[in-house]
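Here is a brief report on one protein chain.

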Amino acid sequence: MIFRKLKSMRDSALLGLTGIAAGLLVSGGAGLAEGAGEGHAVPGQMGLQRGTTPIAHEMHWFHDQLLLPIITVVCLFVLGLLVWVALKFNEKAHPVPSRTTHNSLLEVAWTIIPVLILVVIAIPSFRLLTRQLVLPDADVTMKVTGKQWYWTYEYPQDQGGGFSFDSLLKPEADIKPAEGDIWLLSVDNMAVVPVGKTIRVQVTAADVIHSFVVQSFGSRIDAVPGRLNETWFKPEKEGVYYGQCSKLCGKDHAFMPIAFSVVSEQDYATWLADAKKKFASTSTPVAVAAADVAH
């Protein structure tokens, strides 16, 4: 019986060490992410992709500066308790076992302390969720529709658009790394948005549930058939930013990337004019729901 208990404590200690190691690796990876490629993950990267929106920055602070320290302290404390119990309460060191069954102070402490930790986590968490879900006034509104297995982007006519286009994975034979193409991320038609502007994205799906995710923007929202969800982002830097569907939506789930090109206002106006001509023959009238209807 005693040997089984000791074995159980040993296994628990090993699990604790594993958790600490994982936490420290992720913590170290948060720094490594600073050297990651812009807008996408790179081989060997650990941690979050570099953020380029206010929401993404707040998410990174919440993860790196609040959650990781709390996780590390809790793991070290639990590991210390496990080691202390294994050393002090084994048969050799403590041949006469204690018959203590209750300790009121200890029971109150291990109830209140976890509650306080959760409160510390909950307050900034609720603030972050509110900022994500309460959309500010938008400079640009667009609609994104998830389909098996590609995305359709629609730009409303009242904002200089009036066209839509499909965005499909670029075939491997067409990938040109010298031009910045990335296999499994690059697409034939990228969505384009202006830098420094608030972008409202209305998201839905045409067939099954998809998930619209762009890590560098801090955007993640489900695309549900028959429902119009909304998210927003405000990119701070020009560049190409990638995402992927994060729902298991079918056999080609892994082959429907998201690609956004963030450009200057002047380049965006030029792209709008060119896109209206390019996609005029394939576009259907684009109507974007009002914000109150979307909700």
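The buried residues of α4 are covered by elements including β1 (140-147), β2 (150-155), β3 (163-167), β4 (191-194) and β10 (257-263). The model is predicted: local features need pLDDT of at least 70, side-chain atom pairs count only at pLDDT 80 or more, and totals for chains, interfaces and linings use all residues. Numbering runs from 1 along each chain as its sequence is written, and side-chain values use heavy atoms, without hydrogens and water.

Helices (H or I, at least four residues) and strands (E, at least two) are DSSP runs, numbered from the N terminus. Buried means under 20% relative accessible area, exposed over 50%, partly exposed in between (1.4 Å probe, protein chains only).

Tyr268, Trp271, Leu272 and Ala275 are the buried residues listed for α4. They cover an arc of only 110° around the axis, so they sit on the same side of α4. That arc is taken over the directions from the helix axis to the C-beta atoms. Gln266 and Lys277 are exposed, on the face turned away from the buried side of α4.

The protein chain has 5 helices and 10 strands. Of its 295 residues, 37% are buried.

## The largest pocket

The lining has 14 nonpolar, 5 polar and 1 charged residues. Ala, Val, Leu, Ile, Met, Phe, Trp, Tyr, Cys and Pro count as nonpolar, Asp, Glu, Lys and Arg as charged, and the others, Gly among them, as polar.

Key:
Contact = heavy atoms within 4.5 Å.
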